[in-house]
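Please open the structure in your viewer and keep the selection panel at hand.

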2 protein chains.
Amino acid sequence: MFDIKFKVLAEDSWSRARITQFETPHGTIETPVFMPVGTQATVKTLTSDEIREIGFKIILSNTYHLYLQPGASIIEKAGGIHKFMDWDGAVLTDSGGFQVLSLKDLRKINSDGVEFKSFIDGSKHFFTPELVIETQEKIGSDIAIPLDICGTYPSPHSETKRELDITVEWAKRSLKAHKREDQILFGVIQGGFYKDLRKEAVERILELDFPGVTLGGLSIGEEKELTAEMVDYTVSLLPKYKPRYFMGVGDPISILEYVRLGVDMFDCVLPTRIARNRTLFTKTGTIKITKAIYKEDFTPIENDCGCYTCKHYTKAYLNHLFKAKEHLAGRLATIHNLYFMNWLIQEIRKSIKEGYFKDFYQEFKSKYKEGNNSE
Amino acid sequence: MFDIKFKVLAEDSWSRARITQFETPHGTIETPVFMPVGTQATVKTLTSDEIREIGFKIILSNTYHLYLQPGASIIEKAGGIHKFMDWDGAVLTDSGGFQVLSLKDLRKINSDGVEFKSFIDGSKHFFTPELVIETQEKIGSDIAIPLDICGTYPSPHSETKRELDITVEWAKRSLKAHKREDQILFGVIQGGFYKDLRKEAVERILELDFPGVTLGGLSIGEEKELTAEMVDYTVSLLPKYKPRYFMGVGDPISILEYVRLGVDMFDCVLPTRIARNRTLFTKTGTIKITKAIYKEDFTPIENDCGCYTCKHYTKAYLNHLFKAKEHLAGRLATIHNLYFMNWLIQEIRKSIKEGYFKDFYQEFKSKYKEGNNSE
C-alpha cells in the first residue's frame, strides 16, 4: 500500500479540530479539506484548470457512474482518470455502494455483493468487493474505498449488525484483491446509529490497518443532532494518526461543526448543485440570485470575494443569465460557490494554526444564516 | 456619426476578396471577420475572456432579446453592454427586425412599425424605428442596425417593393433619431430576390450615406445558388469604401464563397449551436463526436489545432461528456468550433494578403466535406 506519511501539524485546544497532512501519488493533501465532486470525471460546468485555479488539490469522482459510463476500461486505456480529465491533483473515488444501495427496487444484496440495474439502459450488473477494487484500480484514483453497505435510517439493530458484518468481510476481501502500489485504501466505518455497533466497526476496521478511515451511513440530512452525536462518538474512538473522512457533507455550517468534532475530509455535491439552482454562498448565508432585488444590483456577489465571477461580473448580470436560462449562469455560480468553500476551509485552517478556531467558529455561525435552498 | 476610418488593405486579383480595416469605439476591426453570436449578452457557455483568448475582437448581440430580457434600461444602468458582460471588444447589435418578423402570427406590420408579442410572457410590444435606435443606444453597441423589413421567400414583386419602401423610410427615420456619437449605423439593403429592387435598395441606402452596409433577407438556407447570385449582383453595385456585412451566414464553405464575392463581415449561431449539438469542425468537414469510433480515440479533435479543448482533452473524453450529458461538453465543443472559425478567417486573410486566395479557396473546398449536422 502507498505510504501516506500522515502527520498532525496542529491541534486546537478548545476542540478536536486539527490540521493534518498526508501524501498521495498526486500531491500532498492538507486537511481540513473539502473535495469538489466530479461525479462523471468532470466537476459539473468547469474545466480541471478552473478547479485548480480556485485552489483545490483533490476531487472526488464516483465509481458507480464511471463504471457505467464511459466504463472503467476506457479510463484505464486513457491512462487513468487524471489524464482522461486533465487533472493532475489527487482523486478519491467512492465505493459506489451508496449509489447502488440508493436504487432501492433496482438492487439486491447478498453476502457476495450487490446486484443493480444501470440507470442508463436498465442492464443488470453485480458489484462484488473485488470488482469494485478492480474498477477503482482501472480508474486509477489516488484514494479508493472498498464496497460497503450503507444502511438506511431508521433500521433495526439486527439488520445494522448484519450489514456491518458484511461490510467488514468485504473490507477484508477488498484488501486481499487490491494490487496497485500507487493507490490508498480507506476503511469504511458503518454501524448505523448504534454506538455499540460503531464501536465494533471502529475496532474491526482499525484491525485491518487501512491508512485512513471514512465514516459511512451518517449523512441522512434531517437528523442533524443525531448525526453529530454519532460522529462525535465515533471520532472519539479513532486514533490520532489516520485521516478521517466524513462522506457527503458539504454545507458550511456542517463542515465547521464536524471539523470541531475532529473530521478531516469532506465532499458534497451541495455547493455545485445549489449553484446551478441559482443559490450562492455569502459570508452571511445563501442568496437566491434570481430575486428581483438583484436585477439592478451592479456589485459583485461579495465585494471582498476574490473569485473569477466576483472579479468580472455583477449580481445584475448573474440575475439576467439565470433568468435567460443561459449556460454561463451555472458555471459562474459554481466558480463562486467552490471558491467560497475553499475560502472557508482556508480560514478554518488558519484559525486552527493560529489558535483562534473557537472565535472563528462562533463568529461564522453567528453571521451565517442558512437560506432556503429549495426551489 | 463615429468616423470609422475605413481602409482597404489588400485586394485579391482573382476575385472580389479583400482585406479591410475600420475603427469602432472598442477597437480596430480587420475584415474578413466572423462575429460569434452572443444573443443574450453571452456567447453561450463561454466567458468574454474565452472569446477574447480565442482571438475575436467583435461579437454580435440581439436587440430583440436584450430588449425583452433584461431590458435595455438595465444594460444602460450597468454602463452599457460591454461592462455588463465584461467584454472590451466591439459589439454589433442587429435591428431585431429579423426576430420580430420571424414570429409570423405574433406580429403585425404597418408603415409606422411592427407589433409583436414577447416570447417570454406574451406581452404586446411595438417596435418603431425610433424605439429600435433608442434601444441600441441604451445597449451601447458599437455598430447598430436600423429596423428593417426582412421579407420572405418567395414573395411577390409588389410586396417586396412595398417592404423596401418601408425599409428605406425607416432608415431615414433611424438616422434622424440617432444621437450617440460613439455608435456606428449600418444601412440595410433589402429587395428580396429581385435584381431591380436590390439595385434600387443599394441606390437609395447609399444616398443616406451610412458608414457601412448590410445585406438583408438573403439567408434563406435552401436556395444557396440563388442567394449567391443575389449577393454577387448586390455586392457588384457597392462602393469600395464601405464595409459589407452579410447577416446570418456562418458555415465555413459559405464564408469562403461570400468572401470571394466581396463580403467583409459575417455572423451566425451555427458554429456554437452545432457545437452544443455535439458536431465539431475539422479541416476535412464536421464530425459527430458521439459516434462509437471516438469512444476510445485518445487524440485531440485535430492534432494540429491550437484551441484549449484540443490542447487539454481527447475525443474519447468529449465523447464521454456528451454521452453523459455533462455541461462541460457543449462548452469544450464551442471553444473548438469558434477557434476553428477564427482559424479559417485568419487563413483567408493571410491568403488574400499573400496572394494565394484562389489556391486556398480551391484546396479548402476540395478537402472540406459538409457533414450531416442534423440530429
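On a 1 Å grid over the protein atoms alone, a cavity is a set of points where a 1.4 Å probe fits but cannot get out, while a pocket is an open set with protein on both sides within 12 Å along at least five of seven lines; lining residues have an atom within 4 Å of a point. Grid points are joined across faces, edges and corners, and a volume is the space filled by probe spheres set on the points.

This is a predicted model, in which local features need pLDDT of at least 70 and side-chain atom pairs count only at pLDDT 80 or more, whereas totals for chains, interfaces and linings use all residues. Residues are numbered from 1 along each chain as its sequence is written, chains are lettered from A and ligands numbered from 1 in the order in which they are written, and side-chain values use heavy atoms, leaving out hydrogens and water.

**Stop 1: the cavities**

The count comes to 2 cavities of 30 Å³ or more. For the largest cavity, select A:I149, A:G151, A:T152, A:S155, A:T160, A:E163, A:L164, A:Q190, A:G191 and A:G192, which line it. The space inside the largest cavity is about 50 Å³. Its lining has 2 nonpolar, 7 polar and 1 charged residues (Ala, Val, Leu, Ile, Met, Phe, Trp, Tyr, Cys and Pro count as nonpolar, Asp, Glu, Lys and Arg as charged, and the others, Gly among them, as polar).

Next, select A:P146, A:L147, A:D148, A:T167, A:A171, A:G187, A:V188 and A:I205, the lining of the second largest cavity. Two or more of these lining residues come from each of α7 (157–177) and β11 (184–189) of chain A. Helices (H or I, at least four residues) and strands (E, at least two) are DSSP runs, numbered from the N terminus. The second largest cavity holds about 30 Å³ of space, and its lining has 5 nonpolar, 2 polar and 1 charged residues.

**Stop 2: a pocket**

Which residues lie nearest the centre of the second largest pocket? Select A:N62, A:F98, A:Q99, A:G248 and A:D267 to find them, within a lining of 34 residues. The second largest pocket contains about 750 Å³ of space. Its lining divides into 12 nonpolar, 16 polar and 6 charged residues.

**Stop 3: two helices of chain B**

Select helix α10 (residues 252–260) and helix α14 (residues 327–353) of chain B, whose axes come within 11 Å and cross at roughly 25 degrees. Axes are lines fitted to C-alpha atoms, for helices over the stretch in contact, and angles run from 0 to 180 degrees between N-to-C directions. α10(B) and α14(B) are therefore roughly parallel to each other (angles under 35 degrees count as roughly parallel, over 145 as roughly antiparallel, 65 to 115 as roughly perpendicular and the rest as oblique). Here B:P252, B:I255, B:L256 and B:V259 in α10(B) meet B:F340, B:M341, B:L344, B:I345, B:I348 and B:I352 in α14(B), where contact means heavy atoms within 4.5 Å. The contact of α10(B) with α14(B) has 10 nonpolar, no polar and no charged residues.

**Stop 4: backbone details**

Most residues other than glycine have a negative phi, and most peptide bonds are trans. Select A:Q69 and A:P70: the peptide bond from A:Q69 to A:P70 is cis, with omega near 10 degrees. A:P70 sits in the loop between α2 (63–68) and α3 (72–77) of chain A. Finally, select A:D86, where phi is positive, near 60 degrees; A:D86 lies in the loop between α4 (81–85) and β6 (90–93) of chain A.
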